[in-house]
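Here are some notes to read alongside the model, written for someone new to looking at structures. Take the points in order and find each residue on the screen as you go.

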Amino acid sequence: NGLQGVAGGFDPDSGRRLIFLADLGKEVWVKPENVQLLESAQNGVITLTDIQDRLGSVSLHEVVMQNRKHTAEFLLIKHQTSIHTTDLDGVSPLSMTISGGVMMAGDVCKIINKVTRREGNAERKSKEECCGQCHKKIGEGADRCSRCKKVWYCNRDCQKLHWNNGHKQECTEAFDLAAGVKVGRPNSKMSYGSLSMRSGAKHTEGTYRKPDGIDTHERFVVKVQGGGVAMPILVYDESRTCEFNIDPETSGFSEIRNEMQKEMAWQGRKTFMKASFDETGTCIIYPSTAGVKSKYSW
């Protein structure tokens with residue numbers, strides 16, 4: 001019937017296998033001949049390392065918890081195991097490394113981070129190589145939106161259709177973001193600065209200023225990371241001499257968070273952008289420059 005579920009045990013008396021239908025929240029007994037394995041995203045080839053057990057888990061879940069580096073390399077590098085498979089609680093190997101405390105500092109986390117960056121680059125490149133309207137592959141001589149310079153088209157007809165189908169508003173927003181958003185000095189009483197993921201000890205106190213060696217109006221790369229709409233966004237450069245929070249409902253918060261959420265390599269929790277400080281000492285962040293780490297020299 002096309003429903004998706006997780007296979008459980010086999011009952012020899014009835015000759016049926018237990019299937020848990022997560023979307024419906026119930027268990028059913030199905031004849032084996034009526035059950036098919038879902039195809040993976042790898043050219044329609046079923047990857048055995050992505051097949052879930054009766055709890056919805058795959059071997060990579062356990063590998064992350066135990067920080068087994070060599071097994072992770074075997075699964076992720078040799079067999080391209082998915083980092084997005086979720087168990088019955090909705091937990092994936094990727095989400096474990098993002099919100100797993102000590103796990104975030106482990107060797108397996110670093111390997112998964114490399115995979116997320118690779119996937120993010122591939123997704124971004126794929127979008128850049130496709131027409132914004134019909135999504136077909138584009139070749140040399142393709143037209144690009146002259147205003148936002150973010151979307152390509154296979155011909156002028158597709159460009160006109162896309163403009164009328166919503167790109168007009170998207171283009172205006174992207175053009176405005178290119179000028180950057182001003183982010184004022186934090187007025188929150190919340191403590192800000194970097195913490196050790198292993199010990200919880202604070203490394204720095206946080207500073208709202210130009211990084212060492214950076215001139216006024218000179219752009220530099222910052223990392224932005226956060227969570228929900230009620231959580232501040234942490235901003236810092238590679239040297240950590242510039243490090244501060246952007247409080248919710250303050251200038252620049254929503255624009256920066258919106259771009260951060262588009263970076264699915266880290267489940268929308270962090271990304272990299274460029275920033276600068278003007279002659280008044282005010283920080284300007286440029287959300288339109290958002291991208292994964294490998295996009296920059298940092």
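**Notes on the predicted model**

1. Let us begin with one glycine: Gly-25 counts as exposed because its relative accessibility is 53%. The scale behind that word calls a residue buried under 20% relative accessible area, exposed over 50%, and partly exposed in between (1.4 Å probe, protein chains only). Gly-25 belongs to the loop between strand E2 (16-21) and E3. Its C-alpha atom is separated by 9.8 Å from that of Gly-5, and the two glycines are 20 residues apart along the chain.

2. A word on how to read the numbers. This is a predicted model, in which local features need pLDDT of at least 70 and side-chain atom pairs count only at pLDDT 80 or more, while totals for chains, interfaces and linings use all residues. Residues are numbered from 1 along each chain as its sequence is written, and side-chain values use heavy atoms, with hydrogens and water left out.

3. Now the overall picture. The protein chain has six helices and 11 strands; helices (H or I, at least four residues) and strands (E, at least two) are DSSP runs, numbered from the N terminus. Of its 298 residues, 39% count as buried. The accessible surface of the chain is about 17700 Å², and carbon and sulfur atoms hold 49% of it; these areas come from the Shrake-Rupley method with a 1.4 Å probe, and for residues only the protein chains shown count as cover. Among the contacts with a separation of 6 or more, 51% join residues 24 or more positions apart, where contact means heavy atoms within 4.5 Å.

4. Please look next at the aromatic rings. How many aromatic pairs does the structure hold? There are three. Rings of Phe, Tyr and Trp (its six-membered ring) pair if their centres lie within 6.5 Å; planes under 30 degrees apart are stacked, over 60 edge-to-face, and the rest tilted. Tyr-208 and Phe-277 make an edge-to-face pair, with 5.5 Å centre to centre and 75 degrees between the planes. Tyr-208 sits in the loop between strand E6 (181-183) and strand E7 (220-225), and Phe-277 in strand E10 (residues 270-277), so this pair ties together parts that are 69 residues apart in sequence. Tyr-208 and Phe-277 are both buried.

5. Phe-277 has another partner. With Phe-220 it forms a stacked pair, at 6.3 Å centre to centre and 5 degrees between the planes. This pair links distant parts of the chain, since Phe-220 in strand E7 and Phe-277 in strand E10 are 57 residues apart. Phe-220, like Phe-277, is buried. Ring pairs join Tyr-208, Phe-220, Phe-244 and Phe-277 into a cluster.

6. Two arginines deserve a look as well. Arg-219 lies over the face of Tyr-286, 3.6 Å from the ring centre, and Arg-240 lies over the face of Tyr-236, at 3.8 Å from the ring centre. A charge sits over a ring if NZ of Lys or CZ of Arg is within 6 Å of the ring centre and within 35 degrees of the ring normal.

7. On to the salt bridges, of which the structure holds four. Each is a side-chain nitrogen of Lys or Arg within 4 Å of a carboxyl oxygen of Asp or Glu. One of them joins Glu-62 and Arg-68 (3.8 Å, N to O); Glu-62 is partly exposed at 39% relative accessibility, and Arg-68 is partly exposed at 32%. Another joins Arg-209 and Asp-212 (3.1 Å, N to O), where Arg-209 is partly exposed at 35% and Asp-212 is exposed at 53%. Is each partner buried or exposed in the bridge between Lys-262 and Glu-259 (2.9 Å, N to O)? Lys-262 is exposed, with a relative accessible area of 57%, whereas Glu-259 is buried at 15%.

8. Finally, two backbone angles to check. His-217, in the loop between E6 and E7, has a phi near 70 degrees, a positive value in a residue other than glycine. His-217 is partly exposed, at 49% relative accessibility. Glu-249 also is not a glycine, yet has a positive phi of about 65 degrees. Glu-249 lies in the loop between strand E9 (243-246) and helix H6 (253-261) and is exposed, at 82% relative accessibility.
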